[in-house]
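Reader: Could you walk me through how to read a model like this one? I'd like the general idea each time, then the case at hand.

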Amino acid sequence: VKPDSYLEISDLWKSFGDFVALRNISLDVARGEFICFLGPSGCGKTTLLRAIAGLDPQSRGTIHQDGRDISRLPASRRDYGIVFQSYALFPNLTVTRNIAFGLENTGRPRAEIATRVAELLALVGLADHADKYPAQLSGGQQQRVALARAIAISPGLLLLDEPLSALDAKVRVHLRHEMKELQRKLGVTTIMVTHDQEEALAMADRIVVMNHGVIEQIGTPTEIYRDPASLFVADFIGETNRIRCRYSDGAVTIGGSVLHTRTAGHRDGADVMMAIRPEDVLPHSTGHDAVKRPNHLAAQVTGMEFLGSFWRMHLRSAELGDTPLLANFSMNAVRRFDLHQGDDLTVELPPDRVLIFAQA
Ligand code: ADP
Ligand code: MG
């Protein structure tokens with residue numbers, strides 16, 4: 001048991017009849033940490049969250065919270081607050097009464113509850129809406145109420161299942177910042193389920209990437225993005241160009257070009273998948289012999305799209321045959337190299353950005 005570990009899940013499995021929804025899930029969450037479960041729809045995120053909450057217990061495996069084995073504890077005796085995608089507020093109760101609901105069940109004195117509710121209303125920025133009913137609030141405001149209700153009893157653990165997914169883009173981005181700030185202020189250990197990679201990257205201390213009921217990778221947002229453990233992770237978070245090639249002695253050969261990579265551990269002669277993110281493909285001008293150097297390719301601009309903060313470049317290279325290469329170039333780079341459709345250029349694929357995966 002690590003000293004800073006607050007929630008420990010070991011070898012957890014969950015089946016629904018013959019269908020295995022979660023396999024061999026092991027995870028340690030530190031006290032105060034913000035964890036995101038990230039993965040495509042149906043990968044088991046909600047199932048895992050519900051097991052942690054005791055709403056639908058695991059088939060096998062154990063869960064410890066704050067040193068206590070809660071594996072068989074009914075939901076009502078566990079220590080957490082939860083927020084779902086649908087606001088799940090009581091429509092016939094005011095904002096104040098919605099937030100007070102859980103507190104009233106604890107049998108605390110009225111005055112104490114009133115003080116606490118006022119504090120929570122201020123905390124989520126709804127002091128002016130205390131007497132409104134849920135239907136009179138926007139989606140974002142309703143989710144703030146749900147959040148205030150979930151943290152009202154100061155739970156040890158905050159569980160959030162796609163709390164922002166039903167909101168429109170602007171509100172979602174705003175509220176994710178607010179929620180993150182609130183979590184930091186409260187220091188409450190938090191697990192949020194999301195299928196939105198940007199949300200996970202923006203909010204999480206660590207991301208748990210899931211696929212088909214297993215954990216593919218656990219890491220900080222930068223680790224997950226920079227060093228994806230599998231092609232699935234590389235593709236699910238961000239974008240990648242993929243090129244089939246052969247690995248030999250720390251490098252791959254593509255056409256007549258050698259690309260060095262820092263990825264080790266592949267067998268010489270193995271067929272591998274090379275992957276590189278569009279923003280890691282760097283522009284160079286032509287007219288010098290850069291292209292003869294390792295990690296450089298001669299390419300041609302077959303299309304370019306202005307996407308506001310950058311240019312999306314569609315490149316072709318004889319070395320890559322029919323496989324197109326996508327690159328994101330800054331406006332500065334496009335101006336500096338005076339790039340237009342049809343132009344030739346040299347691109348660099350830096351060794352520390354060339355990722356190599358075993359082919360599936
Ligand atoms: P996610 O939240 O990642 O979208 P879920 O955890 O809701 O995915 O579901 C994971 C898988 O388990 C899905 O294939 C889903 O159909 C299945 N599943 C979830 N709940 C049940 C249930 N109560 N009975 C049968 N299958 C279920
Ligand atoms: Mg879900």
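**Reading the fold**

Author: Let's start with contacts, where two residues count if their C-beta atoms, placed from the backbone, lie within 7 Å. In the protein chain, among contacts between residues at least 6 apart in sequence, 65% join residues at least 24 apart. This is a predicted model, where local features need pLDDT of at least 70, side-chain atom pairs count only at pLDDT 80 or more, and totals for chains, interfaces and linings use all residues. Residues are numbered from 1 along each chain as its sequence is written, while chains are lettered from A and ligands numbered from 1 in the order in which they are written.

Reader: How many helices and strands does the protein chain have?

Author: Both are DSSP runs numbered from the N terminus: helices are H or I with at least four residues, strands are E with at least two. Here you get nine helices and 20 strands. The C-alpha trace spans about 80 × 45 × 35 Å along its principal axes.

Reader: What does UniProt list for residues 7-237?

Author: UniProt positions use the numbering here, feature names are shortened, and annotations may be inferred rather than shown by experiment. The unreviewed UniProt entry lists "domain: ABC transporter" for that span. Residues 7-237 are 36% helix and 27% strand, with end C-alpha atoms 25 Å apart.

Reader: And burial: what share of the protein chain is buried?

Author: Count the other C-beta atoms within 10 Å of a residue's own, all placed from the backbone: 20 or more is buried, 12 or fewer exposed, and in between partly exposed. Of the 360 residues in the protein chain, 37% are buried. Helix H4 is a mostly covered case, with eleven of its 13 residues buried. Among them are Val145, Leu147 and Ile151, and also Arg144 and Arg149. The cover includes strands E6 and E7 plus helices H2, H3 and H5.

Reader: Which residues surround ligand 1?

Author: A residue is in the shell if its C-beta atom, placed from the backbone, lies within 6 Å of the molecule. The shell around ligand 1 includes Phe16, Gly42, Lys45 and Thr46. Strand E2 (19-30) and helix H1 (45-53) each give two or more residues, and H1 has the largest share, three.

Reader: How do I read strand pairing?

Author: Two strands pair if DSSP finds at least two bridges between them. Strand E16 (residues 296-306) runs antiparallel to E19 (residues 344-348), with five bridges, and Ala299 stands opposite Leu345 there. E16 also runs antiparallel to E17 (residues 311-316), with six bridges, and Met304 stands opposite Met313. E16 and E17 form a hairpin with four residues between them, and Gly308 in the turn has a positive phi of about 90 degrees.
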